[in-house]
Amino acid sequence: MKIYDYRQELIDLLNNTSADPASLTQTLRSLTTIIHVLNHYAEAPVSPAVSGQPRQPKPRFHQHQVHPANQPLPENSKRQLKSLLTGPATDTQEENQRPAVSQAQTAAAPQEITPEERLAADNRYIVHRKLSGAEINHHYYSETLLHRLPFAVNDGDIVEVDPQQRVRGLPTIRCVTGDQLPDYQPEKVTVIEYAELKPVPGSDVLQISSTLKKNSLLDQAPENTIVVDPFKYPGRNLKAGMVIDYAYYDRGNGLRDAADGAIRWIHEKSDYDTTKQPVKPKQVKKVAHPRHDYEKKLDYDLKQRTVLVITGVRDKVQGLKPVITKHHGVFHGLDASAEEKVSSSTLKREIRNTDIVVVCIDAIHHRISQLANHHAKRYEKPLAIANVTSNTGVERAIGRALNGDPAYAAASEKMD
């Protein structure tokens, strides 16, 4: 039987072992396997004689063997092989206990906690902005998800996420905190905003050479252009006349860096259309007795419509129910005293299932009023603002919402 000579592979294994724990562990397993094999063949009994002739054992090693296969390995040889794995053997009990004490001390030594780990304990993570989208806690958030947020998310920001609330399988981004990592140095990303795609004569590609804001690299000289290949963006149906945001990693090389960029966002026409005439403000007729006239408007009938009252004064929530019931409506209150417990998805669900929204702004966070206004516009729900959490303030706010008046009360209608 021909035995393969593996000594060179063993030398290569030791030469390629690095100092990291994973490499040392793998080499330890390989050497342990070799020792088991050597011990197995060294301790194997010799075959009995057949027909009175002693059977010669087959050689266990090929050509370059250093020890006869039919003899057990000397004890010192075994000790030397094992010392490669466990260190030099010692006879005293005190020396045998030293590695255990060292390991216990190593295990008990406190490990340094990084700033990222401290933030992650509170579900806060740093934003790594990409050319399109962002990476947050090893999850990729598309540009579409970031644009749906009621606040901007920039590179290096610390955001708080809600693992329980998910959008497209990703934890919901609740807010941008004021925390910063002083050692974080993001790669500079420059965004060319509101650039119009233009055709290139005699070619299928497009180009951008100017912006609507006139504040980018393209606007510095007429010859500054960036080619955009539509085949690089399948499914977007790029056409001349579209207005886009174009991002690239700015390493100080100007147009050479911009040539390796990518489209970050395609704007809707309503975002940049300047041909629309501005909406003229509604002319409000002044009345001789505004308070008396307003009191007449309080005589309205809600006709069993649901009114959602958002307030931060917890002990007054149930006290507002008789106001809605008096006008034949259905009261529904949302306690917003704890800002961290009111997420965007919660507001969206509550507003979607109601008919009229009243926000009492005297004891709630500004973010909640912004989100309520955002979702009310999205679902076309009448919204009015009450400056204080009181029966009269809520009653007047409902009247403004029913009549299509401004969300905020006029000066003559404000409560003292």
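**Confidence, a sheet and a helix**

Let me begin with residues 77-94, where pLDDT stays under 50 and for which the model has 17 contacts beyond four places in sequence. I start there as a caution, since what we are looking at is a predicted model, and where pLDDT is low, the predicted coordinates should not be read in detail. For the protein chain the average pLDDT is 78, with 73% of the residues scoring at least 70. Another stretch to treat with care is residues 58-71, where the pLDDT is below 50 and where the model has 20 contacts beyond near neighbours in sequence.

Let me turn now to a sheet. Three strands make up this open sheet, in the order S6-S10-S11, and their pairing is antiparallel. At its edges lie strand S6, residues 189-196, and strand S11, residues 262-266, each of which pairs on one side only. From one strand to the next the twist averages 30°. If you follow strand S10, residues 243-249, you will find that 4 bridges join S10 to S11, the two running antiparallel, and that Tyr-246 stands opposite Ile-263 in S11.

My last stop is helix H11, residues 344-352, so which of its residues are buried? They are Ser-345, Thr-346, Leu-347, Glu-350 and Ile-351. As a reminder for reading that list, an α-helix has 3.6 residues a turn, so residues three or four places apart point the same way.

Definitions and conventions:
Residues are numbered from 1 along each chain as its sequence is written. This is a predicted model: local features need pLDDT of at least 70, side-chain atom pairs count only at pLDDT 80 or more; totals for chains, interfaces and linings use all residues. Side-chain values use heavy atoms; hydrogens and water are left out. Two strands pair if DSSP finds at least two bridges between them. Axes are lines fitted to C-alpha atoms, for helices over the stretch in contact, and angles run from 0 to 180 degrees between N-to-C directions. pLDDT is the predictor's confidence in each residue, from 0 to 100. Contact means heavy atoms within 4.5 Å. Buried means under 20% relative accessible area, exposed over 50%, partly exposed in between (1.4 Å probe, protein chains only).
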